[in-house]
Amino acid sequence: MALTLYVDTARWRAHHKHVSEQFPGLVPVCKGNGYGFGHERLADEATRLGSDILAVGTTYEAARIKDWFGGDLLVLTPFRRGEEPVPLPDRVIRSVSSVDGVYGLVGARVVIEVMSSMKRHGVSEQDLPQLHAAIENVRLEGFAIHLPLDRTDGSDAVEEVIGWMDRLRAARLPLHTMFVSHLKAEELARLQQQFPQTRFRARIGTRLWLGDHDATEYRGAVLDVTPVSKGDRFGYRQQKAASDGWLVVVAGGTSHGVGLEAPKALHGVMPRAKGVARAGLATVNRNLAPFVWGGKQRWFAEPPHMQVSILFVPSDAPEPTVGEELVAHLRHTTTQFDRIVEV
């Protein structure tokens, strides 16, 4: 009995192919938990796509993935002096976001990140004159810009990249390759047309691996079903059942990532109102579970345990049976499944 990730492999790979055709020179991203699939699996899929380079989050990830992927590895976290040294092969490329970082990587292959409107990290326009001397002692693989997902001010992503291209060109820095993130296919095509001498390479993770939501599905197996009457006490905290129904023990708990949720940016009145409503219910121990039964998302009977969750299913719903599976709406980047089944 397990929390299972079901994958329609043919459909999933067809989506990979579609994205790679939209973004020539695509750089697949494999970081964190491998977008729910694991590093080894995504390294295999990147090889299947014919990728010559794979982007990873950290040097520690690069050290693990190097044995599963034979091409270049681009570490996205910028180098910092004083970081723990990790033995890596020459095919690893380091991101750098400061002039000092470039000086600290003598002889290394580097990609220099420029500061975008994300304002996360990157060299500034004022840093550019100092880069001439700094890049003499490294092997420059290109520049990179990481763009925001939303543009609430109405600004244009392409114009932001063009602005940096113009600054780099004015500073007489090499522009043979520019790595970009969060651009649409048509935006990338516009840039490539305007700067034919530069190769634009899109770093893509979520859209590549998780872009077709119907290609994957999590399901948790029902382990036990216990009838309860209104007022019956149950669980670790001996709460009372609010009405007649069933306590359903389903595979999937905190060790799987169930009950963990990343903060969301809410836009508009209705999403904010729903967020307030959920917060209010949580104060009286009413938390919606990710598991679906009888066409509805069900409530946790109590907070999820380490490997299982206990749900309350009211008596007006169908009675679950042991061995059935409940669809679970889980975030891939925070979920650890017990097994994967190819369908």
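Predicted model: local features only at pLDDT ≥ 70, side-chain atom pairs only at ≥ 80, totals over all residues.
Residues are numbered from 1 along each chain as its sequence is written, and side-chain values use heavy atoms, with hydrogens and water left out.

**View 1. The open sheet of eight strands.** The strands follow the order E2-E9-E8-E7-E6-E5-E4-E3 with parallel pairing; helices (H or I, at least four residues) and strands (E, at least two) are DSSP runs, numbered from the N terminus, and two strands pair if DSSP finds at least two bridges between them. Strand E2 (27-28) and strand E3 (53-56) stand at the edges, and each has a single partner strand, so one side of each is left without a neighbour in the sheet. Four bridges join E3 to strand E4 (residues 72-75) in the parallel sense, and leucine 54 stands opposite leucine 73 in E4.

**View 2. Helix H7 and phenylalanine 200.** Helix H7 (residues 185-194) lies across strand E8 (177-181) and strand E9 (199-204), running at about 160° to E9; axes are lines fitted to C-alpha atoms, for helices over the stretch in contact, and angles run from 0 to 180 degrees between N-to-C directions. Not counting residues up to four places away in sequence, phenylalanine 200 touches Pro24, Val161, Met165, Met178, Val180, Leu188, Leu191, Gln192 and Phe195, where contact means heavy atoms within 4.5 Å.

**View 3. The nonpolar cores.** A nonpolar core is a set of buried Ala, Val, Leu, Ile, Met, Phe, Trp, Tyr and Cys residues joined through side-chain atoms within 4.5 Å; buried means under 20% relative accessible area, exposed over 50%, and partly exposed in between (1.4 Å probe, protein chains only). The largest core has 91 residues, and those with the most contacts inside it are Phe37, Leu131, Phe143 and Phe200. Helix H6 (residues 157-170) gives the most to this core, with seven residues. A second, separate core of eight residues includes Phe234, Ala241, Ile310 and Phe312.

**View 4. Strand E14 and its partners.** In strand E14 (residues 288-293), five of the six residues are buried. Three bridges join E14 to strand E15 (residues 296-300), and the two run antiparallel, with leucine 288 opposite tryptophan 299 in E15. These two strands, E14 and E15, form a hairpin with two residues between them, and glycine 294 in the turn has a positive phi of about 60°. E14 is also joined by two bridges to strand E17 (residues 325-328), again antiparallel, and valine 292 stands opposite valine 327 in E17.

**View 5. Two loop residues with positive phi.** Most residues other than glycine have a negative phi, and most peptide bonds are trans. Lysine 119, although not a glycine, has a positive phi of about 55°, and its place is in the loop between strand E6 (109-114) and helix H5 (128-134). At 67% relative accessibility, lysine 119 counts as exposed.
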